[in-house]
Amino acid sequence: MGRTPDRHGDRSGTNPHSGRHETEEERADRQWGDLLQELRVAQTGVQILFGFLLAVVFQPRFAELSTVDRNIYVVTVMLGSATAAALIGPVSYHRLLTGRRMKPETVIWASRLTKIGLGLLFCTMCSALLLILRVALHNAVALWLVGGMALWFLVCWFVFPLWAIARGDGRRPSDGRSSGDADDSGRDR
């Protein structure tokens, strides 16, 4: 009597693509815990930044801002709101699906929302920097500084991880396939 493999490994719980001995549900639980830790870091920064943005409009100097700076402010607040929604969304998604035996799907969608949230956070940070530096410097140097910082964000958030994958530090299994852990969406490639 042989075991029938499921899509993520055999019935014994071994995932041949990640090298771990865990069932699909155990894997989803582990990935959910990892994702929660990542979200805690991102959410704290977003909450601080968003709180700052909300307070700016009530400062006396806000009335002195040019139309361009006010427009940048509005865009920044909207980006901050969208970022908060995307990074808090996985918690709501999990809460509404708890008990429905949909943890693997929850991890997939929460991971997608988190990636969208990180992209929005990048835009929010750049927009906030642009507003602050335009007010502080009153010249085109602000654009160069924001561009440089945007490049640094891209390097830290995307280039370094992609470089690690390209160098083989992504811990690919010996069969040459990508590790299931390399794809945090919960699906093997």
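Definition first: I call an angle under 35 degrees roughly parallel, over 145 roughly antiparallel, 65 to 115 roughly perpendicular, and the rest oblique. Axes are lines fitted to C-alpha atoms, for helices over the stretch in contact, with angles from 0 to 180 degrees between N-to-C directions.

Ground rules. I am working on a predicted model, where local features need pLDDT of at least 70 and side-chain atom pairs count only at pLDDT 80 or more, while totals for chains, interfaces and linings use all residues. Residues are numbered from 1 along each chain as its sequence is written, and side-chain values use heavy atoms, with hydrogens and water left out.

Entry 1, overall layout. I count four helices and zero strands, running α-α-α-α from the N terminus. Helices here are DSSP runs of H or I with at least four residues, strands are E runs of at least two, and numbering starts at the N terminus. Of the 189 residues, 36% come out as buried; buried is under 20% relative accessible area, exposed is over 50%, and partly exposed is in between (1.4 Å probe, protein chains only). I also looked at contacts (heavy atoms within 4.5 Å). Among those between residues at least 6 apart in sequence, 66% join residues at least 24 apart.

I noted the crossing as left-handed, meaning that the near helix is turned anticlockwise from the far one by less than a right angle (clockwise would be right-handed).

I find the axes of H1 (residues 24-56) and H2 (residues 67-97) within 9 Å, crossing at roughly 150°. That makes H1 roughly antiparallel to H2, and H1 passes H2 in a left-handed crossing. From H1, the residues in contact include Trp-32, Leu-39, Val-46 and Phe-50; from H2, they include Tyr-73, Gly-80, Ala-84, Leu-87 and His-94. How many charged residues are in this contact of H1 with H2? I get no charged ones, against 15 nonpolar and six polar.

I take a nonpolar core as a set of buried Ala, Val, Leu, Ile, Met, Phe, Trp, Tyr and Cys residues joined through side-chain atoms within 4.5 Å. In the largest, with 19 residues, those touching the most other members are Phe-62, Tyr-73, Phe-122, Cys-126, Leu-131 and Val-146. H1, H2, H3 (103-137) and H4 (141-167) each give two or more residues to this core, and H3 gives the most, with seven. I followed up Phe-122: leaving aside neighbours within four places in sequence, it contacts Ala-150, Phe-153, Leu-154 and Trp-157. There is also a second, separate core of 11 residues, with Ala-28, Val-46, Ala-84 and Ala-110 among them.

Is Thr-114 buried or exposed? I have Thr-114 as buried, at 7% relative accessible area. Thr-114 is found in H3 and touches Leu-35, Leu-39, Leu-87 and Pro-90, not counting residues up to four places away in sequence. Arg-40 lies in H1 and counts as partly exposed at 47% relative accessibility. I also checked Arg-40 against Leu-87: they are 47 residues apart along the chain, with their C-alpha atoms separated by 9.2 Å.

Terms used:
Ala, Val, Leu, Ile, Met, Phe, Trp, Tyr, Cys and Pro count as nonpolar, Asp, Glu, Lys and Arg as charged, and the others, Gly among them, as polar.
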